[in-house]
Each structure stands twice: as structure tokens, then as C-alpha cells.
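Me: Please go through the model below with me, taking its salt bridges and then one of its helices.

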Amino acid sequence: MKLASSTKIVHYHRLLYASSSRLDCTSTKQEMGFNNHVNLNIKKTKLKSDMNLRFNKHCRSTSSTSVQLRKRWMEYQGIGDWNGLLNPLDDNLRGEILRYGQFVEAAYKGFDFNTSSPSYATCRYPKTALLNECGLEESGYKMTKNLRATSAIELPRWTNLKVPQSSWIGYVAVCQNNAEIARLGRRDVVIAYRGTATCLEWLEILRATLTHFPGSANVPAGHGGPMVETGFLSLYTSKARTGPSLQDMVRDEILRILQTYGEEPLSLTIVGHSLGAALAILTAYDIRKMFGKRAPMVTVISFGGPRVGNSSFRRCLEKRGVKILRIVNTNDLITKVPGFVTDEAENDVEEDKVGYGGWAKFRDWIRKRVDMRRWVYAELGQELRLCSRDSPSYMINPVEIATCHDLRTYLNLVNGFGSS
């Protein structure tokens with residue numbers, strides 16, 4: 001795969017060189033260059049169409065009529081941290097990632113992005129129609145709950161901006177089809193979150209310092225308490241003036257589901273992209289903390305998610321058995337923010353070699369002061385690392401920040417990923 005990519009790069013550079021050499025030629029040759037440019041755009045459109053066709057074909061091939069997971073469902077949900085399944089990527093796992101990615105796509109398709117619309121920031125479809133309208137009519141799932149996130153930020157009156165304090169962020173869906181339940185080996189519950197869409201959400205995610213998760217507020221910074229990004233936590237826990245917080249809505253719906261289906265095999269898969277990926281991790285942590293042993297197996301599938309919490313938060317997730325699969329595009333800047341990461345393994349450096357009076361003391365001095373500023377994050381869960389350069393469209397499309405972060409880019413990369 002790398003050899004094929006290198007060949008394409010050489011060929012692409014030759015095309016660029018040939019195009020640049022035409023700049024000093026006659027107008028006839030300039031017209032030829034223009035025609036080549038048009039042909040290149042036609043090829044680009046065709047390539048995108050082919051990629052989407054292959055992606056949709058793969059999604060159909062992993063439908064409820066094909067791959068049976070019932071005997072290994074816990075393995076694909078991460079009970080063994082996906083050991084041996086990521087590199088190379090197991091085809092059954094690939095199918096599950098793409099299938100869950102479609103639930104996130106539905107969260108985007110269902111959101112009303114039109115700021116001039118009276119229904120801006122709400123769901124465009126009724127609860128009974130969302131999955132059908134978004135192409136998931138054969139998924140076997142039924143939507144059971146709309147979810148809204150509320151910002152704690154209030155804009156000054158002089159801005160004259162009418163921005164909704166609360167907006168539709170996603171939904172809960174429960175598998176109701178007996179054939180699909182048999183294929184999966186359990187009844188699956190999906191919580192799907194979209195990414196950032198409103199002005200207040202953008203302002204919230206800029207609040208990038210770490211803060212203590214509720215219930216650990218008495219633990220001083222740098223002394224082992226779980227801490228998460230302030231803006232993400234605000235969107236998860238803030239209450240609307242006339243309604244509950246996202247946290248309350250999730251807890252109430254999970255309690256209802258446990259009371260209804262608690263006696264049968266059950267899994268909870270929380271999926272999200274960008275901001276939604278961060279909220280998915282907070283949701284997983286909160287559910288395991290709230291319901292303890294009553295909670296089903298909780299798995300997070302994160303597409304292009306930013307950093308969420310510190311190393312103590314990571315240890316709490318691991319202790320509670322939350323399984324996280326972070327799907328990361330190397331070219332996606334969003335996955336590299338906020339804050340920065342320090343490798344705790346560095347603490348194990350032999351002090352007799354470096355001298356505790358020198359480097360080790362300086363390292364501890366830096367760490368204490370950085371911890372006080374609450375900027376040190378930790379990478380969570382298991383990582384599936386992709387790269388835009390491995391996409392066949394990379395030879396035609398310049399790498400753009402928005403494109404690298406787009407959910408469709410992630411799904412196409414997963415669809416074509418072999419091994420790193």
C-alpha cells in the first residue's frame with residue numbers, strides 16, 4: 001500500500017511539473033492546460049463517487065443478513081482492548097465501526113443547521129422518523145430519546161445575537177429487531193452524538209483548561225483527582241432554564257432501559273465525532289459511575305475526538321471497565337488539542353543515570369507548575385491511527401484541515417484501511 005502511494009506521488013509530481021512548464025507556452029497550450037484541469041476535476045468527481053459507492057457497498061455487505069457476531073460480540077466491543085484486531089484491521093470490526101459511524105451521520109443529518117429557520121438547532125425529524133429519514137430504516141434500531149446539550153455561557157445583551165442556549169446534540173436508539181439481536185448476540189443500545197455546530201458550543205470548547213469531574217471537587221489539582229476539559233463538562237452537565245441537562249437525560253433513559261431490558265444480554269455503544277466524541281467519553285464515565293455493576297458493558301467509538309481528561313481520569317475509566325476505541329487521522333489537528341500530553345513512562349527513567357539532583361528535579365518542578373495550570377492531558381483508550389495520505393483522493397485533493405476532520409473522511413479511511 002505504501003509502495004502504491006509512493007508511485008502515485010511520483011506520478012502526481014510529474015503532472016505538476018508538466019503543468020508548470022506550460023505557463024510559458026502559447027495560448028493554444030494554455031487552453032490544453034485548462035482542458036487538463038477540467039479533466040482532472042472530472043476524475044476527482046468520479047473518484048469521490050467511486051469511493052462513496054465502495055463505502056455504501058461495504059456498509060450493505062455488513063448488514064444484519066451477513067456477519068454473525070454473537071459468539072464474539074464482547075471481543076468486538078473491546079473486552080480484550082481489541083488486541084489483534086486493529087493492525088491489520090479485522091474485517092468484522094471494520095464493518096462494526098462503519099455501521100456505528102452511520103448512527104453519527106444520522107445525528108448530523110437530523111440537525112437543523114439553518115440559522116434563519118424557526119427550528120434552528122433542533123431535530124428536523126420526529127422521533128419515529130429520524131432513522132428512516134437518515135438511511136437507517138433497515139438497521140433494526142428504534143430511536144427512544146432525543147438528547148439536548150446546554151451551554152452555561154450567556155452572551156452579552158449588546159451582541160443582539162439570538163443564540164439558542166440548548167441545542168439537539170443526538171439521540172438514544174435501542175435494537176428491537178430479533179434477527180439483528182440474534183446476529184449481534186445481545187440487545188445493543190446506541191447513544192450517538194454529532195460534532196460542534198452552534199456558536200455557544202464553539203465558545204464552550206475554547207474553555208480548554210481541566211476541571212474536576214463532579215464528585216471529585218475536593219481533590220486538589222495534581223493530587224490524583226479525575227479532571228476533564230471545562231467546556232465539554234459544561235455542555236454535559238449544564239441545565240436549561242426549562243429542561244434537564246444532557247447528563248440528566250442520559251441517566252433517566254439508561255435507567256428506563258435497564259428496568260426494561262436488564263435481565264437480558266445488553267451492551268451500550270456510545271459513538272460520536274469531534275465534540276460528540278468527547279461527550280461520548282464523559283457519558284460512558286458517568287454511566288459506569290452512576291449505575292456501577294448494574295450498567296451493561298460500555299464501549300465508546302470515537303471519530304476524530306479531541307483530548308478529554310487527565311491521567312487520573314484515564315485510570316478511572318480503565319478501573320470502571322469503559323472500553324474506548326479512538327479513531328484518529330494523523331492529519332487531523334483536532335485530535336492534537338487541547339493542551340499537551342506527557343508520557344508517564346518517563347517517570348521510570350533510572351535516576352542513578354540522570355541524577356535526581358539535576359534533570360529529575362527540573363522535570364518534577366515543570367510538571368507541578370503545569371499541573372497547576374491544568375493543561376496536561378492524557379490519551380485515552382486504544383487507538384486506530386489512519387492517515388489522509390493513504391486515501392486515493394489525496395493525490396488530487398490538497399490536505400485541508402476541515403477535510404481531514406470530516407466524518408465522511410474518517411469513514412472512507414476506515415473502509416480502505418489495511419494496516420499501518
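**Salt bridges and an enclosed helix**

Me: How many salt bridges does the count come to in this predicted model?
Reply: A salt bridge is taken here as a side-chain nitrogen of Lys or Arg within 4 Å of a carboxyl oxygen of Asp or Glu. By this rule, the count comes to 20.

Me: Arg-183 forms a salt bridge with Glu-180; what separates the two residues within helix H6?
Reply: The closest N and O atoms of Arg-183 and Glu-180 are 3.0 Å apart, and Arg-183 is buried at 1% relative accessibility, while Glu-180 is buried at 2%. An α-helix has 3.6 residues a turn, so residues three or four places apart point the same way. Because Arg-183 and Glu-180 are three residues apart in helix H6 (residues 178-184), what separates them is about one helical turn.

Me: Is Arg-251 buried or partly exposed?
Reply: The side chain of Arg-251 meets that of Asp-286 in a salt bridge with an N to O distance of 2.8 Å. This pair links distant parts of the chain, with Asp-286 in helix H10 and Arg-251 in helix H9, 35 residues apart. Asp-286 has a relative accessible area of 0% and is buried. Buried means under 20%, and Arg-251 has a relative accessibility of 23%, so Arg-251 counts as partly exposed.

Me: Which residues do salt bridges that share partners join into one network with Arg-307?
Reply: The side chains of Glu-379 and Arg-307 meet in a salt bridge at 3.5 Å, N to O. The two lie 72 residues apart, Glu-379 in the loop between strand E10 (376-377) and strand E11 (382-386), and Arg-307 in the loop between strand E7 (297-303) and helix H11 (311-319). Through salt bridges that share partners, Arg-307 is joined into one network with Arg-326, Glu-379, Glu-383 and Arg-385.

Me: Why is helix H8 largely enclosed by the rest of the structure?
Reply: The buried residues of helix H8 pack against strands E1 (141-150), E4 (210-212) and E5 (227-229), and against helices H7 (199-205), H9 (246-261) and H10 (275-291). Among those buried residues are Phe-232, Leu-233 and Tyr-236. Helix H8 (residues 230-237) is largely enclosed because, of its eight residues, the number buried is seven.

Me: Which residue caps the N-terminal end of H8?
Reply: The backbone nitrogen of Gly-231, one of the buried residues of H8, lies 2.8 Å from a side-chain oxygen of the capping residue.

Technical notes: Residues are numbered from 1 along each chain as its sequence is written. This is a predicted model: local features need pLDDT of at least 70, side-chain atom pairs count only at pLDDT 80 or more; totals for chains, interfaces and linings use all residues. Side-chain values use heavy atoms; hydrogens and water are left out. Buried means under 20% relative accessible area, exposed over 50%, partly exposed in between (1.4 Å probe, protein chains only). Helices (H or I, at least four residues) and strands (E, at least two) are DSSP runs, numbered from the N terminus. Contact means heavy atoms within 4.5 Å. A polar contact is a pair of N or O atoms within 3.5 Å; within protein, one must be able to donate a hydrogen and the other to accept it, and residues adjacent in sequence count only if both atoms are side-chain atoms.
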